[in-house]
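Work through the exercises below with the structure open. Try each task before reading its solution.

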Amino acid sequence: MSHAPLTTLPQWQALKQHFATIGTKHLRELFAADAQRGKQLTVEDVGLYLDYSKQRVDADTLRLLRELAEACELPQRIEAMFRGDKINSTEGRAVLHVALRAPTTEKILVDGHDVEPDVHEVLDRMAAFSERVRSGAWVGHTGKRIRNVISIGIGGSDLGPVMAYEALRDYSRRDMTFRFVSNVDGTDFAEAVRDLDAAETMFIICSKTFTTLETLTNAHAARAWSVAALGDESAVAKHFVAVSTNAEGVAKFGIDTANMFGFWDWVGGRYSMDSSIGLSTMLAIGADGFREMLAGFHAMDEHFRHTSLERNLPALMGLLAIWNNNFLDAATVAVLPYEQYLKRFPAYLQQLTMESNGKHVTLDGKMVDYNTGPIYWGEPGTNGQHSFYQLIHQGTRIVPCDFIGFGQTLNPLPAQGGGDQHDLLMANLIAQGEALAFGKTAEEVRAEGTPEALVPHRTFEGNRPSNTILAAKLTPHVLGTLIALYEHSVFVQGTIWDIDSFDQWGVELGKQLAKTTIVELTAKDEPKLSHDSSTNALIHRYRQLRDGKIPESS
């Protein structure tokens with residue numbers, strides 16, 4: 001379901017003409033012209049408060065963006081996704097991560113089959129398993145209870161669980177250790193198990209096909225480590241479980257298929273953290289906490305599906321991202337959570353956004369003539385303020401920012417001079433958005449008595465766009481709403497750009513080439529190489545370095 005070429009749409013052309021007018025306006029002007037702007041350009045729903053008043057838009061911009069969305073059939077595409085249509089056109093698949101968090105009362109069909117009973121059957125099995133482990137009823141090979149859980153996966157099978165564990169650590173079992181291994185670099189695995197007792201350690205192997213090279217390489221390292229420590233191949237069944245659909249591969253590995261938790265091809269990897277891929281999350285926070293997180297996802301799903309575009313949180317976020325990317329020519333987005341528990345949230349969003357929308361052809365295979373997915377990055381505040389905020393404030397590139405904050409901290413501490421450290425944290429969040437928007441003029445700098453030679457250095461242009469997202473407190477429910485907010489924002493952007501946000505062919509080529517390269521790197525005799533001159537030289541150089549034929553000091 002592709003729409004007409006984007007840049008030929010009258011609505012796109014209208015936005016180009018509009019940009020010629022508003023593109024030169026400063027946020028100072030926009031705020032001066034509307035005393036209520038800071039209250040009017042906000043939306044509050046499902047526990048989130050979005051202030052987008054510091055975006056470089058006015059009422060006409062927003063109207064034109066909504067008209068563009070309607071011309072691109074965004075409402076119809078939303079319904080198609082929730083209905084189970086195969087909107088992942090290059091793979092012929094439905095896109096139904098929304099089914100993972102829908103209640104049992106809903107009916108969602110894939111090829112005429114209601115998938116909700118399947119979803120909840122897996123959830124119930126996960127809950128029962130988690131309770132056995134958390135209560136101590138499940139014991140390892142030597143009779144000891146499980147105290148350490150290591151989840152092994154990569155990409156969407158790793159980034160979501162890692163982010164969720166860090167985000168919800170305050171709600172996790174503190175008498176259990178949770179770690180994650182994804183990198184095929186042996187250091188990742190070695191450091192994860194270095195101080196652990198194999199008799200108290202369980203591994204979750206997350207691979208839908210049970211063939212993913214990096215994951216299976218680490219899984220076999222974990223198996224060897226466990227068997228060496230426990231002295232018995234049969235110990236594998238007590239210390240390994242699988243998130244997979246390959247029963248034969250799982251059984252061959254030595255895992256009891258009764259402890260295999262499946263998911264479906266209509267769940268993309270980067271949208272899978274609320275499926276059985278989130279088993280480590282459920283073990284950490286319990287089944288009730290996991291279901292609370294799912295309820296947060298579902299609340300945002302319902303908001304996205306049923307709310308008009310002008311008050312629709314993901315739609316607004318997505319359309320503003322289009323405006324910044326395609327009209328303000330902003331190549332990146334900084335996600336800046338002022339909450340230490342969300343330290344991995346920007347990394348999670350990198351895959352969600354860039355794997356989804358880093359595409360160069362439309363749904364019908366034609367090259368785009370406009371920019372698609374921007375680069376997402378970020379760090380928690382206030383760390384970033386002493387790192388890269390210099391560039392955001394005074395650099396030559398426009399970097400739209402998403403500030404994320406909470407009214408209440410999970411760890412209140414008194415601050416020097418009174419108040420709470422959280423007040424200081426949030427003062428910084430609010431001040432950074434203000435500084436980016438309004439800056440400081442040369443006249444204001446001079447009025448402070450600054451020497452004329454330093455005036456240019458201390459001037460801030462401002463006019464840097466940002467969103468501010470606030471919630472009461474970071475809970476499993478709020479985390480679910482935040483993740484779903486960005487999931488659906490990504491979908492909105494992909495719909496406007498007319499691309500498939502749910503395939504990821506771009507990750508394949510390097511992995512395919514590596515299959516040839518690994519043979520050449522490990523060949524006993526010097527291999528005959530037929531790559532380009534650089535690749536040939538690198539392979540030759542690596543073999544020399546590995547074999548110690550080049551001194552370290554050279």
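A salt bridge here is a side-chain nitrogen of Lys or Arg within 4 Å of a carboxyl oxygen of Asp or Glu. The model is predicted. Keep both points in mind throughout.

**Exercise 1. A buried charged pair**

Task: Find the salt-bridge partner of Arg101, then decide whether the two residues are buried or exposed.

Solution: 
- Step 1. Check the distance. The side chains of Arg101 and Asp274 come to 2.7 Å, N to O. The cut-off is 4 Å, so the pair counts as a salt bridge.
- Step 2. Place the residues. Arg101 sits in the loop between helix 5 (74-83) and strand 3 (109-110). Asp274 sits in the loop between strand 9 and helix 12 (279-306). The two are 173 residues apart, and the pair links distant parts of the chain.
- Step 3. Check accessibility. Buried means under 20% relative accessible area. Arg101 has 4%, so Arg101 is buried. Asp274 has 1% and is buried too.
- Step 4. Look for further partners. Arg101 and Asp274 belong to a salt-bridge network with Asp301 and Glu487.

**Exercise 2. Two further salt bridges**

Task: The whole structure holds 26 salt bridges.

Solution: 
- Step 1. Take Arg63 and Asp60. Their closest N and O atoms are 3.5 Å apart.
- Step 2. Locate them. Both lie in helix 4 (residues 59-71), three residues apart, so about one helical turn separates them.
- Step 3. Read their accessibility. Arg63 is partly exposed at 34%. Asp60 is partly exposed at 37%.
- Step 4. Take Glu233 and Arg223. Their side chains meet at 2.7 Å, N to O.
- Step 5. Locate them. Arg223 is in helix 9, while Glu233 is in the loop between helix 9 and helix 10 (236-239). The pair therefore ties together parts 10 residues apart in sequence.
- Step 6. Glu233 is partly exposed, with a relative accessible area of 47%.

**Exercise 3. Inside the cores**

Task: How many residues make up the largest nonpolar core, and what does Leu479 touch?

Solution: 
- Step 1. Size the core. It has 121 residues. Those with the most contacts inside it are Trp266, Phe345, Leu479, Leu482 and Tyr486.
- Step 2. List contacts of Leu479, skipping neighbours within four places in sequence. They are Met163, Ala164, Ala167, Leu168, Met293, Leu342 and Leu474.
- Step 3. Note the second, separate core. It has 21 residues, including Val181, Ala222, Val236 and Ile255.

**Exercise 4. A serine in a strand**

Task: Is Ser466 buried or exposed?

Solution: 
- Step 1. Locate Ser466. It is in strand 13 (residues 466-471).
- Step 2. Apply the cut-off. Its relative accessible area is 1%, so Ser466 is buried.
- Step 3. Find its contacts beyond four places in sequence. Ser466 touches Asp51, Lys54, Gln55, Cys401, Phe403 and Gly433.

Technical notes: Residues numbered from 1 in each chain as written. Predicted model: local features only at pLDDT ≥ 70, side-chain atom pairs only at ≥ 80, totals over all residues. Heavy atoms only, no water. Core = buried A, V, L, I, M, F, W, Y, C linked by side-chain atoms within 4.5 Å. Buried < 20%, exposed > 50% of the residue type's maximum accessible area, 1.4 Å probe, protein only. Contact = heavy atoms within 4.5 Å. Helix = DSSP H or I, 4+ residues; strand = E, 2+ residues; numbered from the N terminus.
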